[in-house]
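Subject: Structure for you to look at

Hello,

Here is the structure I said I would pass on. Please open it alongside the notes below.

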Amino acid sequence: MNIPFLDKWRKRHPGGPGLQLVAAFEADPEGVAELLSECELLRSQAARAGLELDDTPASLAALDQLTPRWREDPETLPWLGNDAGLYLGTVIVRTVPGAVWHVLAGGTPVVRLPSGRELQVVAAGLDWAVQGTPELSQMYAETSET
């Protein structure tokens with residue numbers, strides 16, 4: 001099917017959302033890091049439970065103690081897990097010296113430690129949301145020790 005406006009749009013927006021995130025990160029890493037730290041769904045869920053997320057390791061431990069009511073909603077679960085991973089990454093980047101955000105070629109945000117090790121924080125957040133493990137505070141403790 002030939003749809004001229006779609007061809008023009010594709011030329012202006014090469015690749016998918018992942019490649020666009022990579023390009024945005026290369027152009028403005030601090031701006032993308034700020035967007036990654038928003039975690040709006042997780043922050044609102046935590047606020048409803050009386051927990052303010054202040055980007056500290058203590059808030060990760062407090063999140064681990066929340067009753068996982070989100071598991072009852074299969075539509076919310078992956079989004080909340082994604083936010084949990086991004087929040088974990090945000091806490092690591094803001095509190096572990098030398099840790100930085102990095103976006104892989106496919107568009108996956110990871111945290112790169114000074115050692116060069118890359119943490120798949122979104123995958124960890126999804127595991128936490130679905131299974132409760134690994135605990136976010138445990139993941140943080142392991143990364144802050146290296």
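Predicted model: local features only at pLDDT ≥ 70, side-chain atom pairs only at ≥ 80, totals over all residues.

Residues are numbered from 1 along each chain as its sequence is written, and side-chain values use heavy atoms, with hydrogens and water left out.

Whole chain. There are 8 helices and 3 strands, in the order α-α-α-α-α-α-β-β-β-α-α along the sequence. Both are DSSP runs numbered from the N terminus (helices H or I, at least four residues; strands E, at least two). Of the 146 residues, 36% are buried (buried is under 20% relative accessible area, exposed over 50%, partly exposed in between, with a 1.4 Å probe and protein chains only). Among contacts (heavy atoms within 4.5 Å) with a separation of 6 or more, 57% join residues 24 or more positions apart.

Pockets. A pocket is an open set of points on a 1 Å grid over the protein atoms alone, where a 1.4 Å probe fits, with protein on both sides within 12 Å along at least five of seven lines; lining residues have an atom within 4 Å of a point. A volume is the space filled by probe spheres set on the points, which are joined across faces, edges and corners.

The largest pocket holds about 260 Å³ of space. Its lining has 15 residues, and Leu36, Asn82, Asp83, Leu86 and Pro109 are the closest to its centre. Helices α3 (29–36), α4 (40–48) and α6 each supply at least two lining residues, with α6 giving the most, 4 residues. By type, the lining has 9 nonpolar, 3 polar and 3 charged residues (nonpolar is Ala, Val, Leu, Ile, Met, Phe, Trp, Tyr, Cys and Pro; charged is Asp, Glu, Lys and Arg; the others, Gly among them, are polar).

The second largest pocket has a volume of about 160 Å³. Its lining is Gln45, Ala46, Arg48, Ala49, Leu66, Thr67, Arg69 and Trp70.

Two residues. Thr90 is in helix α6 (residues 77–95) and is buried, at 1% relative accessible area. Leaving out residues up to four places away in sequence, Thr90 touches Leu36, Ser37, Asp55 and Trp101.

Val130, in helix α7 (residues 121–131), is partly exposed at 44%. Beyond its neighbours within four places in sequence, Val130 contacts Arg71 and Leu77. The C-alpha atoms of Val130 and Arg71 are separated by 6.6 Å, with the two residues 59 apart along the chain.

Regards
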